[in-house]
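Let's walk through this model together, one piece at a time. Keep your viewer open as you read.

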Amino acid sequence: MSVAFTKEGDSEAFAADLPDRPISTHPNLVTPEGLDLIEAELAAARAAYSAAQSAGGAADGDRTAMARATRDLRYWSSRRATAQLMERDPAKTVVQFGDRVTFEREDGRVQTFRIVGEDEADPAKGSVSYVAPIARALLGKAVGDSSPAPGGEVEITQIG
């Protein structure tokens, strides 16, 4: 079929039919800050949905905005409903969910990461998801313990 016979709005209709954001199969563990993040994202999604609804959804751009807002609202509602707030046990001296861990790699590099939930993880800002390989290598270990990790052995030097 020639392009001349396609509807101009077909690309917008396709854009408005967005797939759902993937939801992890892992438990949705969150720190108190992670729960705050989910609440903020949920509020933003609700506001975006209300704004898109108010705009009427008649124009192609509005349909896309409504689709994005609906998708985000479903995602953050689901994440809020499944969030499991994890508090650190101060009696434990091993790496736990929510801890900031400093470790030394075999090549002498020293790194620090906080182990957090999947939605709040941002390695560039110093946080990794508890399901990340480096986090799994560190959880349950104490200062002075060594553990095999991606890129070689690591030794925990500080937990905070």
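Below we go from the sheet to the cores and then to a helix.

A word on conventions comes before the tour. This is a predicted model, in which local features need pLDDT of at least 70 and side-chain atom pairs count only at pLDDT 80 or more, while totals for chains, interfaces and linings use all residues. Residues are numbered from 1 along each chain as its sequence is written, and side-chain values use heavy atoms, with hydrogens and water left out.

Start with the open sheet, where 5 strands run in the order S5-S4-S3-S7-S6 with mixed pairing. Helices (H or I, at least four residues) and strands (E, at least two) are DSSP runs, numbered from the N terminus, and two strands pair if DSSP finds at least two bridges between them. Strands S5 (127-129) and S6 (146-149) have a single partner strand each, so one side of each lacks a neighbour in the sheet. On average, neighbouring strands here are turned by 45° against each other, direction ignored; the axes are lines fitted to C-alpha atoms, and angles run from 0 to 180 degrees between N-to-C directions.

Now follow the pairings. S4 (residues 110-116) joins S5 in the parallel sense over 3 bridges, with valine 116 opposite serine 129. S3 (residues 100-105) and S7 (residues 152-159) are antiparallel over 5 bridges, and threonine 102 has glutamine 158 in S7 as its bridge partner. S6 and S7 are also antiparallel, over 4 bridges. These two strands form a hairpin with 2 residues between them, and glycine 151 in the turn has a positive phi of about 90°.

What holds the most contacts inside the largest nonpolar core? That core has 19 residues, and the ones with the most contacts inside it are Val95, Val101, Phe103, Ile115, Val128, Ile134 and Leu138. A nonpolar core is a set of buried Ala, Val, Leu, Ile, Met, Phe, Trp, Tyr and Cys residues joined through side-chain atoms within 4.5 Å; buried means under 20% relative accessible area, exposed over 50%, partly exposed in between (1.4 Å probe, protein chains only). S3, S4, helix H4 (133-138) and S7 each supply at least two of its residues, and the largest share, 4 residues, comes from H4. Apart from this core lies another, of 8 residues, including Ile38 and Trp76.

Ile38 also leads us to helix H2, where the buried residues are Gly34, Leu35, Ile38, Leu42, Ala45 and Ala52.
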